[in-house]
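Dear colleague,

I am handing over the structure below, which is a predicted model.

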Amino acid sequence: MDKTRRILLIAYHFPPSPAAGAHRWDLLTAIGLARGWQFDVVCCEVGVRRSQLRNGIVTHPLPHRSHWLERCRTIAYRIGEHLRLRHTRDSQRPITERGRKDFSATVESAVLTKDIPTLFSLNGIKRAFNSFFYYTPHLQWMLDARVLGCKLAKTQQYDMIVCSSPPHITSLAAAYIAKDAGIPLVLDFRDPWSAMNVVQPDYASPVFLWLSKLLEATAVKHANLLVMNTSKALEATRRTYPEKRMIVVRNGANDLKIPPQVNPRRRFEMLYAGAIYLDRDPRPFLRAVGRFIHEIEPSIDSFHVRFVGDVLRYGHIALDDFVREIAISDYVTIQEPIGREELSSLLCGASVLVNLPQSAELCIPSKIYEYFEYSSWILALEKPGSATAELLSETTAIVCPPDNIDKIYDAICSFYERFLTGEQPSRMMDSVDVGIGAQASILFDALERLDSLAP
(Lines give C-alpha, C1' and ligand atoms only; values in the text may rest on other atoms or scores of the structure.)
Protein backbone atom coordinates (compact mmCIF):
# COMPACT_ATOMS: atom_id res chain seq x y z
CA MET A 1 0.00 0.00 0.00
CA ASP A 2 1.28 3.42 -0.92
CA LYS A 3 -0.59 5.32 1.78
CA THR A 4 -1.92 4.83 5.29
CA ARG A 5 -5.67 4.31 5.38
CA ARG A 6 -7.78 4.82 8.47
CA ILE A 7 -11.14 3.28 9.39
CA LEU A 8 -13.64 4.35 12.00
CA LEU A 9 -15.23 1.08 13.11
CA ILE A 10 -18.60 1.20 14.88
CA ALA A 11 -18.90 -2.14 16.65
CA TYR A 12 -21.00 -2.67 19.76
CA HIS A 13 -19.09 -5.93 20.33
CA PHE A 14 -15.30 -5.60 20.39
CA PRO A 15 -12.59 -7.00 22.71
CA PRO A 16 -12.48 -7.45 25.62
CA SER A 17 -16.09 -8.51 24.97
CA PRO A 18 -16.28 -12.34 24.58
CA ALA A 19 -19.06 -12.11 21.94
CA ALA A 20 -18.67 -13.79 18.55
CA GLY A 21 -18.82 -10.43 16.77
CA ALA A 22 -15.95 -9.15 18.90
CA HIS A 23 -13.86 -12.20 18.04
CA ARG A 24 -14.54 -11.69 14.32
CA TRP A 25 -13.33 -8.11 14.30
CA ASP A 26 -10.45 -8.85 16.65
CA LEU A 27 -9.08 -11.17 13.96
CA LEU A 28 -9.96 -8.89 11.04
CA THR A 29 -8.38 -5.78 12.53
CA ALA A 30 -5.19 -7.73 13.31
CA ILE A 31 -4.89 -8.65 9.64
CA GLY A 32 -5.89 -5.14 8.58
CA LEU A 33 -3.06 -3.67 10.67
CA ALA A 34 -0.59 -5.94 8.89
CA ARG A 35 -1.87 -4.58 5.56
CA GLY A 36 -1.29 -1.00 6.66
CA TRP A 37 -4.76 -0.02 7.84
CA GLN A 38 -5.33 1.94 11.05
CA PHE A 39 -8.44 1.69 13.20
CA ASP A 40 -10.39 3.79 15.64
CA VAL A 41 -13.14 1.69 17.24
CA VAL A 42 -16.29 2.95 18.96
CA CYS A 43 -17.49 -0.01 21.04
CA CYS A 44 -19.50 -0.89 24.13
CA GLU A 45 -17.73 -0.47 27.44
CA VAL A 46 -16.72 -3.87 28.83
CA GLY A 47 -14.40 -3.39 31.78
CA VAL A 48 -12.53 -0.53 30.03
CA ARG A 49 -13.88 2.95 30.69
CA ARG A 50 -11.57 5.20 28.72
CA SER A 51 -10.06 5.44 25.28
CA GLN A 52 -6.90 3.41 24.94
CA LEU A 53 -4.40 2.09 22.43
CA ARG A 54 -4.72 -1.72 22.21
CA ASN A 55 -2.53 -3.69 19.80
CA GLY A 56 -2.22 -0.64 17.56
CA ILE A 57 -5.98 0.04 17.65
CA VAL A 58 -7.51 3.05 19.38
CA THR A 59 -10.70 2.01 21.17
CA HIS A 60 -13.33 4.45 22.40
CA PRO A 61 -15.61 2.52 24.80
CA LEU A 62 -19.08 3.86 25.51
CA PRO A 63 -21.18 2.70 28.47
CA HIS A 64 -24.44 0.92 27.79
CA ARG A 65 -27.14 3.31 29.02
CA SER A 66 -30.90 2.78 29.08
CA HIS A 67 -33.01 5.05 26.93
CA TRP A 68 -36.21 6.27 28.57
CA LEU A 69 -38.21 4.17 26.08
CA GLU A 70 -36.37 1.07 27.28
CA ARG A 71 -37.21 1.88 30.88
CA CYS A 72 -40.89 2.22 29.88
CA ARG A 73 -40.72 -1.13 28.11
CA THR A 74 -39.19 -2.80 31.16
CA ILE A 75 -41.93 -1.47 33.45
CA ALA A 76 -44.68 -2.52 31.02
CA TYR A 77 -43.13 -5.99 30.65
CA ARG A 78 -42.94 -6.53 34.41
CA ILE A 79 -46.56 -5.50 34.88
CA GLY A 80 -47.68 -7.77 32.04
CA GLU A 81 -45.63 -10.70 33.35
CA HIS A 82 -47.07 -10.26 36.84
CA LEU A 83 -50.63 -10.28 35.50
CA ARG A 84 -49.95 -13.27 33.26
CA LEU A 85 -48.48 -15.34 36.09
CA ARG A 86 -51.29 -14.34 38.42
CA HIS A 87 -54.00 -15.59 36.07
CA THR A 88 -52.29 -18.52 34.36
CA ARG A 89 -49.87 -19.85 36.97
CA ASP A 90 -51.27 -23.37 36.99
CA SER A 91 -51.77 -23.66 33.23
CA GLN A 92 -48.20 -22.61 32.50
CA ARG A 93 -46.68 -25.59 34.34
CA PRO A 94 -45.61 -28.37 31.94
CA ILE A 95 -47.22 -31.09 34.12
CA THR A 96 -49.11 -34.16 32.93
CA GLU A 97 -52.27 -35.48 34.52
CA ARG A 98 -50.12 -37.85 36.59
CA GLY A 99 -48.22 -34.89 38.05
CA ARG A 100 -44.99 -35.65 36.15
CA LYS A 101 -43.14 -33.14 34.01
CA ASP A 102 -43.94 -33.46 30.33
CA PHE A 103 -40.55 -33.47 28.63
CA SER A 104 -42.17 -33.75 25.21
CA ALA A 105 -44.09 -30.51 25.63
CA THR A 106 -43.68 -27.90 22.91
CA VAL A 107 -41.16 -25.18 23.71
CA GLU A 108 -41.88 -21.74 22.26
CA SER A 109 -39.42 -21.32 19.44
CA ALA A 110 -38.46 -18.97 16.62
CA VAL A 111 -41.25 -18.16 14.16
CA LEU A 112 -40.72 -18.38 10.41
CA THR A 113 -41.52 -15.05 8.76
CA LYS A 114 -43.95 -16.80 6.42
CA ASP A 115 -45.87 -18.06 9.49
CA ILE A 116 -46.15 -14.74 11.34
CA PRO A 117 -49.75 -14.41 12.60
CA THR A 118 -52.12 -11.61 11.72
CA LEU A 119 -52.39 -8.43 13.76
CA PHE A 120 -56.05 -9.05 14.45
CA SER A 121 -55.78 -11.13 17.60
CA LEU A 122 -54.87 -10.55 21.22
CA ASN A 123 -51.50 -12.20 20.66
CA GLY A 124 -50.99 -10.23 17.46
CA ILE A 125 -51.63 -6.93 19.25
CA LYS A 126 -49.19 -7.87 22.01
CA ARG A 127 -46.47 -8.77 19.53
CA ALA A 128 -47.06 -5.58 17.56
CA PHE A 129 -46.63 -3.60 20.77
CA ASN A 130 -43.42 -5.51 21.55
CA SER A 131 -42.09 -4.78 18.06
CA PHE A 132 -41.95 -1.06 18.71
CA PHE A 133 -39.63 -1.74 21.64
CA TYR A 134 -37.36 -4.32 19.99
CA TYR A 135 -34.61 -1.80 19.26
CA THR A 136 -34.81 0.18 22.50
CA PRO A 137 -32.20 -1.85 24.48
CA HIS A 138 -29.46 -0.47 22.21
CA LEU A 139 -31.12 2.82 21.25
CA GLN A 140 -29.22 5.04 23.70
CA TRP A 141 -25.89 3.43 22.85
CA MET A 142 -26.58 4.06 19.16
CA LEU A 143 -27.31 7.73 19.85
CA ASP A 144 -24.15 8.06 21.97
CA ALA A 145 -22.07 6.35 19.27
CA ARG A 146 -23.46 8.74 16.67
CA VAL A 147 -22.43 11.78 18.72
CA LEU A 148 -18.96 10.42 19.46
CA GLY A 149 -18.42 9.25 15.89
CA CYS A 150 -19.29 12.66 14.49
CA LYS A 151 -16.84 14.30 16.91
CA LEU A 152 -14.08 11.88 15.91
CA ALA A 153 -14.75 12.42 12.20
CA LYS A 154 -14.19 16.16 12.67
CA THR A 155 -10.78 15.67 14.33
CA GLN A 156 -9.46 12.64 12.40
CA GLN A 157 -9.10 11.99 8.68
CA TYR A 158 -10.97 8.75 8.04
CA ASP A 159 -11.09 7.02 4.68
CA MET A 160 -14.29 5.16 5.49
CA ILE A 161 -16.78 4.18 8.18
CA VAL A 162 -17.36 0.48 8.84
CA CYS A 163 -20.18 -0.80 11.04
CA SER A 164 -20.43 -4.34 12.43
CA SER A 165 -23.92 -5.51 13.42
CA PRO A 166 -26.03 -6.84 15.09
CA PRO A 167 -27.25 -4.94 17.03
CA HIS A 168 -28.57 -3.77 13.68
CA ILE A 169 -29.66 -0.38 14.94
CA THR A 170 -25.98 0.62 15.25
CA SER A 171 -25.99 0.84 11.44
CA LEU A 172 -28.06 4.00 11.74
CA ALA A 173 -25.31 5.68 13.77
CA ALA A 174 -22.71 4.71 11.18
CA ALA A 175 -24.92 5.92 8.32
CA TYR A 176 -25.40 9.33 9.94
CA ILE A 177 -21.67 9.71 10.67
CA ALA A 178 -20.73 8.77 7.09
CA LYS A 179 -23.31 11.14 5.63
CA ASP A 180 -22.20 13.98 7.91
CA ALA A 181 -18.49 13.42 7.14
CA GLY A 182 -19.03 12.74 3.44
CA ILE A 183 -17.01 9.51 3.38
CA PRO A 184 -17.81 5.94 2.21
CA LEU A 185 -19.83 3.61 4.42
CA VAL A 186 -19.45 -0.17 4.70
CA LEU A 187 -22.09 -2.18 6.59
CA ASP A 188 -20.98 -5.59 7.86
CA PHE A 189 -24.14 -7.60 8.51
CA ARG A 190 -22.96 -10.61 10.52
CA ASP A 191 -26.63 -11.63 10.47
CA PRO A 192 -29.03 -10.46 7.74
CA TRP A 193 -31.55 -7.86 8.87
CA SER A 194 -34.96 -7.72 7.18
CA ALA A 195 -34.06 -10.77 5.06
CA MET A 196 -33.84 -13.04 8.12
CA ASN A 197 -36.27 -15.94 7.70
CA VAL A 198 -37.10 -16.28 11.43
CA VAL A 199 -38.21 -13.92 14.18
CA GLN A 200 -38.15 -14.28 17.95
CA PRO A 201 -41.64 -15.28 19.12
CA ASP A 202 -42.23 -12.15 21.22
CA TYR A 203 -41.79 -9.99 18.10
CA ALA A 204 -43.41 -12.19 15.46
CA SER A 205 -45.60 -9.45 14.00
CA PRO A 206 -46.04 -7.73 10.61
CA VAL A 207 -45.15 -4.56 12.50
CA PHE A 208 -41.72 -5.98 13.29
CA LEU A 209 -41.07 -6.74 9.62
CA TRP A 210 -42.25 -3.28 8.56
CA LEU A 211 -40.08 -1.55 11.14
CA SER A 212 -37.01 -3.65 10.28
CA LYS A 213 -37.37 -2.86 6.56
CA LEU A 214 -37.80 0.85 7.28
CA LEU A 215 -34.74 1.14 9.52
CA GLU A 216 -32.62 -1.08 7.29
CA ALA A 217 -33.48 0.97 4.20
CA THR A 218 -32.52 4.15 6.04
CA ALA A 219 -29.05 2.78 6.82
CA VAL A 220 -28.46 0.97 3.52
CA LYS A 221 -29.38 4.10 1.54
CA HIS A 222 -26.03 5.63 2.52
CA ALA A 223 -23.94 2.44 2.19
CA ASN A 224 -21.31 2.00 -0.52
CA LEU A 225 -20.75 -1.69 0.27
CA LEU A 226 -22.71 -4.39 2.09
CA VAL A 227 -20.79 -7.28 3.65
CA MET A 228 -22.83 -10.43 4.20
CA ASN A 229 -21.89 -13.54 6.17
CA THR A 230 -23.09 -16.26 3.77
CA SER A 231 -23.96 -16.58 0.09
CA LYS A 232 -27.57 -17.32 1.03
CA ALA A 233 -27.77 -14.10 3.07
CA LEU A 234 -26.32 -12.16 0.14
CA GLU A 235 -28.86 -13.63 -2.29
CA ALA A 236 -31.75 -12.79 0.03
CA THR A 237 -30.54 -9.23 0.64
CA ARG A 238 -29.80 -8.60 -3.04
CA ARG A 239 -33.47 -9.15 -3.83
CA THR A 240 -34.23 -6.05 -1.76
CA TYR A 241 -31.24 -3.93 -2.82
CA PRO A 242 -30.24 -5.08 -6.32
CA GLU A 243 -28.39 -1.82 -6.96
CA LYS A 244 -26.02 -2.16 -3.98
CA ARG A 245 -22.56 -3.67 -4.18
CA MET A 246 -22.25 -6.74 -1.92
CA ILE A 247 -19.61 -9.29 -0.99
CA VAL A 248 -19.50 -12.38 1.25
CA VAL A 249 -17.03 -12.45 4.13
CA ARG A 250 -17.53 -15.51 6.34
CA ASN A 251 -16.72 -15.51 10.05
CA GLY A 252 -13.90 -17.89 9.21
CA ALA A 253 -11.80 -20.21 11.31
CA ASN A 254 -8.82 -18.80 13.15
CA ASP A 255 -5.80 -19.84 11.09
CA LEU A 256 -3.61 -17.42 13.04
CA LYS A 257 -3.49 -19.75 16.04
CA ILE A 258 -3.08 -23.50 15.71
CA PRO A 259 -4.48 -25.45 18.71
CA PRO A 260 -2.05 -27.90 20.33
CA GLN A 261 -1.91 -31.41 18.91
CA VAL A 262 -4.08 -33.90 20.78
CA ASN A 263 -2.62 -37.07 22.20
CA PRO A 264 -4.63 -40.24 21.46
CA ARG A 265 -7.89 -39.85 23.36
CA ARG A 266 -8.63 -42.38 26.09
CA ARG A 267 -12.35 -41.61 26.17
CA PHE A 268 -14.86 -40.92 23.41
CA GLU A 269 -16.46 -37.58 24.25
CA MET A 270 -19.14 -35.65 22.39
CA LEU A 271 -19.20 -31.92 23.15
CA TYR A 272 -21.67 -29.13 22.51
CA ALA A 273 -20.31 -25.65 23.26
CA GLY A 274 -22.56 -22.60 23.10
CA ALA A 275 -26.06 -21.65 24.16
CA ILE A 276 -29.38 -23.48 24.05
CA TYR A 277 -32.14 -21.09 23.10
CA LEU A 278 -35.09 -20.66 20.77
CA ASP A 279 -34.97 -23.55 18.30
CA ARG A 280 -31.79 -25.35 19.39
CA ASP A 281 -33.66 -28.33 20.79
CA PRO A 282 -31.23 -30.82 22.40
CA ARG A 283 -33.87 -33.49 23.09
CA PRO A 284 -33.62 -35.51 19.84
CA PHE A 285 -29.83 -35.65 20.20
CA LEU A 286 -30.06 -36.72 23.84
CA ARG A 287 -32.71 -39.34 23.04
CA ALA A 288 -30.35 -40.76 20.40
CA VAL A 289 -27.55 -40.75 22.99
CA GLY A 290 -29.86 -42.55 25.41
CA ARG A 291 -30.67 -45.20 22.81
CA PHE A 292 -26.95 -45.66 22.12
CA ILE A 293 -26.13 -46.04 25.82
CA HIS A 294 -28.94 -48.51 26.51
CA GLU A 295 -28.27 -50.65 23.41
CA ILE A 296 -24.47 -50.55 23.12
CA GLU A 297 -23.85 -50.29 26.90
CA PRO A 298 -20.47 -48.50 26.79
CA SER A 299 -18.68 -48.04 30.10
CA ILE A 300 -18.81 -44.65 31.80
CA ASP A 301 -15.04 -44.39 31.35
CA SER A 302 -15.23 -44.93 27.58
CA PHE A 303 -18.18 -42.74 26.53
CA HIS A 304 -19.25 -39.27 27.63
CA VAL A 305 -21.36 -36.31 26.49
CA ARG A 306 -20.71 -32.74 27.62
CA PHE A 307 -22.72 -29.52 27.27
CA VAL A 308 -20.88 -26.31 28.16
CA GLY A 309 -22.15 -22.72 28.03
CA ASP A 310 -25.64 -21.33 28.55
CA VAL A 311 -27.02 -24.86 28.50
CA LEU A 312 -28.85 -25.37 31.80
CA ARG A 313 -32.31 -25.08 30.28
CA TYR A 314 -34.17 -25.42 27.03
CA GLY A 315 -37.27 -23.28 27.52
CA HIS A 316 -39.08 -24.61 30.59
CA ILE A 317 -37.07 -27.86 30.57
CA ALA A 318 -34.00 -28.22 32.78
CA LEU A 319 -31.42 -30.38 31.02
CA ASP A 320 -30.49 -32.10 34.30
CA ASP A 321 -34.09 -33.23 34.72
CA PHE A 322 -34.31 -34.43 31.14
CA VAL A 323 -31.15 -36.58 31.25
CA ARG A 324 -32.40 -38.10 34.51
CA GLU A 325 -35.72 -38.87 32.87
CA ILE A 326 -34.05 -40.84 30.08
CA ALA A 327 -31.59 -42.45 32.53
CA ILE A 328 -28.26 -41.22 31.15
CA SER A 329 -27.15 -38.86 33.94
CA ASP A 330 -23.94 -40.80 34.60
CA TYR A 331 -22.81 -40.21 31.03
CA VAL A 332 -23.64 -36.50 30.70
CA THR A 333 -22.00 -33.38 32.13
CA ILE A 334 -23.84 -30.05 31.96
CA GLN A 335 -21.46 -27.17 32.58
CA GLU A 336 -21.97 -23.41 32.86
CA PRO A 337 -19.91 -20.95 30.71
CA ILE A 338 -16.13 -21.05 31.15
CA GLY A 339 -13.17 -19.00 29.92
CA ARG A 340 -11.91 -19.27 26.33
CA GLU A 341 -8.67 -21.06 27.27
CA GLU A 342 -10.45 -23.69 29.36
CA LEU A 343 -13.04 -24.15 26.63
CA SER A 344 -10.28 -24.59 24.05
CA SER A 345 -8.82 -27.39 26.17
CA LEU A 346 -12.19 -29.17 26.23
CA LEU A 347 -12.60 -28.74 22.48
CA CYS A 348 -9.15 -30.24 21.94
CA GLY A 349 -10.11 -33.30 23.96
CA ALA A 350 -13.46 -34.01 22.29
CA SER A 351 -13.79 -36.68 19.62
CA VAL A 352 -17.04 -35.26 18.23
CA LEU A 353 -18.21 -31.63 18.30
CA VAL A 354 -21.98 -31.26 18.11
CA ASN A 355 -23.98 -28.47 16.49
CA LEU A 356 -27.63 -28.22 17.54
CA PRO A 357 -30.21 -27.08 14.97
CA GLN A 358 -31.33 -23.54 14.19
CA SER A 359 -34.15 -22.23 12.00
CA ALA A 360 -32.12 -19.28 10.66
CA GLU A 361 -31.35 -20.87 7.32
CA LEU A 362 -29.31 -17.91 6.03
CA CYS A 363 -26.78 -17.99 8.88
CA ILE A 364 -23.89 -20.21 9.92
CA PRO A 365 -23.24 -20.33 13.70
CA SER A 366 -19.83 -18.92 14.56
CA LYS A 367 -19.14 -22.08 16.59
CA ILE A 368 -19.04 -24.10 13.35
CA TYR A 369 -15.95 -22.20 12.24
CA GLU A 370 -14.47 -22.60 15.71
CA TYR A 371 -15.10 -26.34 15.48
CA PHE A 372 -13.15 -26.37 12.20
CA GLU A 373 -10.00 -25.38 14.13
CA TYR A 374 -9.90 -28.61 16.13
CA SER A 375 -8.97 -32.19 15.29
CA SER A 376 -12.46 -33.56 15.86
CA TRP A 377 -15.35 -35.03 13.93
CA ILE A 378 -18.45 -32.84 13.58
CA LEU A 379 -22.07 -33.92 14.00
CA ALA A 380 -24.51 -31.22 12.86
CA LEU A 381 -28.29 -31.33 13.20
CA GLU A 382 -29.44 -29.24 10.24
CA LYS A 383 -32.19 -29.11 7.67
CA PRO A 384 -31.10 -29.72 4.07
CA GLY A 385 -30.56 -26.53 2.10
CA SER A 386 -29.53 -24.32 5.01
CA ALA A 387 -26.32 -22.29 4.81
CA THR A 388 -24.77 -24.51 7.49
CA ALA A 389 -25.73 -27.73 5.70
CA GLU A 390 -24.29 -26.41 2.42
CA LEU A 391 -20.98 -25.49 4.05
CA LEU A 392 -20.68 -28.84 5.82
CA SER A 393 -21.50 -30.73 2.63
CA GLU A 394 -17.97 -29.76 1.50
CA THR A 395 -16.49 -31.55 4.55
CA THR A 396 -16.44 -34.95 6.24
CA ALA A 397 -18.97 -33.81 8.85
CA ILE A 398 -22.13 -35.87 9.29
CA VAL A 399 -25.29 -33.80 8.87
CA CYS A 400 -28.56 -35.23 10.21
CA PRO A 401 -32.12 -33.90 10.09
CA PRO A 402 -32.75 -32.33 13.52
CA ASP A 403 -35.64 -34.62 14.51
CA ASN A 404 -34.45 -37.90 12.99
CA ILE A 405 -33.35 -39.87 16.06
CA ASP A 406 -32.54 -42.98 13.98
CA LYS A 407 -30.03 -41.12 11.81
CA ILE A 408 -28.50 -39.33 14.79
CA TYR A 409 -28.12 -42.71 16.51
CA ASP A 410 -26.47 -44.17 13.39
CA ALA A 411 -24.04 -41.24 13.27
CA ILE A 412 -23.07 -41.73 16.92
CA CYS A 413 -22.48 -45.44 16.29
CA SER A 414 -20.34 -44.65 13.24
CA PHE A 415 -18.16 -42.18 15.12
CA TYR A 416 -17.80 -44.53 18.08
CA GLU A 417 -16.75 -47.47 15.88
CA ARG A 418 -14.13 -45.30 14.17
CA PHE A 419 -12.85 -44.22 17.58
CA LEU A 420 -12.54 -47.84 18.76
CA THR A 421 -10.46 -48.74 15.70
CA GLY A 422 -7.97 -46.04 16.70
CA GLU A 423 -8.84 -43.59 13.93
CA GLN A 424 -7.96 -39.98 14.80
CA PRO A 425 -10.03 -37.17 13.23
CA SER A 426 -8.33 -34.33 11.36
CA ARG A 427 -9.09 -30.62 11.35
CA MET A 428 -11.82 -29.62 8.90
CA MET A 429 -10.00 -26.40 7.99
CA ASP A 430 -7.09 -28.43 6.62
CA SER A 431 -9.34 -29.64 3.79
CA VAL A 432 -11.75 -26.68 3.36
CA ASP A 433 -10.45 -23.13 2.97
CA VAL A 434 -12.49 -21.19 5.52
CA GLY A 435 -9.58 -19.53 7.32
CA ILE A 436 -10.01 -15.97 8.52
CA GLY A 437 -6.92 -14.96 6.51
CA ALA A 438 -8.68 -15.72 3.21
CA GLN A 439 -11.84 -13.98 4.40
CA ALA A 440 -9.88 -10.90 5.49
CA SER A 441 -8.24 -10.72 2.06
CA ILE A 442 -11.69 -10.61 0.45
CA LEU A 443 -12.73 -7.81 2.79
CA PHE A 444 -9.65 -5.59 2.60
CA ASP A 445 -9.28 -6.07 -1.16
CA ALA A 446 -12.82 -4.74 -1.48
CA LEU A 447 -12.15 -1.86 0.92
CA GLU A 448 -9.03 -0.86 -0.98
CA ARG A 449 -10.91 -0.88 -4.26
CA LEU A 450 -13.63 1.22 -2.66
CA ASP A 451 -11.05 3.66 -1.28
CA SER A 452 -9.40 4.02 -4.70
CA LEU A 453 -12.74 5.07 -6.18
CA ALA A 454 -13.42 7.68 -3.48
CA PRO A 455 -13.01 11.31 -4.63
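In this predicted model, helix α8 (residues 283-296) and helix α13 (residues 405-420) have axes that come within 9 Å and cross at roughly 55 degrees, which means that α8 is oblique to α13. The crossing of these two helices, α8 and α13, is right-handed. On the α8 side, the residues that take part in the contact are Pro284, Phe285, Arg287, Ala288, Val289, Arg291, Phe292, Glu295 and Ile296, and they meet Ile405, Asp406, Ile408, Tyr409, Ile412, Cys413 and Tyr416 in α13. Sorted by class, the contact of α8 with α13 has 12 nonpolar and four charged residues, with no polar ones.

Pro15 and Pro16 are joined by a cis peptide bond, with omega at about 15 degrees, and Pro16 sits in the loop between β1 (5-11) and α1 (20-34). Another cis peptide bond, with omega at about 0 degrees, joins Pro166 and Pro167; here Pro167 belongs to the loop between β6 (160-165) and α5 (170-181).

There are also positive phi values to report. Glu297, although not a glycine, has a positive phi of about 55 degrees, and this residue is found in the loop between α8 and β12 (303-310). Because its relative accessibility is 62%, and exposed means over 50%, Glu297 counts as exposed. Ala327, likewise a residue other than glycine, has a positive phi near 60 degrees, and its place is in the loop between α9 (319-325) and β15 (332-335).

Methods. Residues are numbered from 1 along each chain as its sequence is written. This is a predicted model: local features need pLDDT of at least 70, side-chain atom pairs count only at pLDDT 80 or more; totals for chains, interfaces and linings use all residues. Side-chain values use heavy atoms; hydrogens and water are left out. Axes are lines fitted to C-alpha atoms, for helices over the stretch in contact, and angles run from 0 to 180 degrees between N-to-C directions. Helices (H or I, at least four residues) and strands (E, at least two) are DSSP runs, numbered from the N terminus. Angles under 35 degrees count as roughly parallel, over 145 as roughly antiparallel, 65 to 115 as roughly perpendicular and the rest as oblique. A crossing is left-handed if the near helix is turned anticlockwise from the far one by less than a right angle, and right-handed if clockwise. Contact means heavy atoms within 4.5 Å. Ala, Val, Leu, Ile, Met, Phe, Trp, Tyr, Cys and Pro count as nonpolar, Asp, Glu, Lys and Arg as charged, and the others, Gly among them, as polar. Buried means under 20% relative accessible area, exposed over 50%, partly exposed in between (1.4 Å probe, protein chains only).
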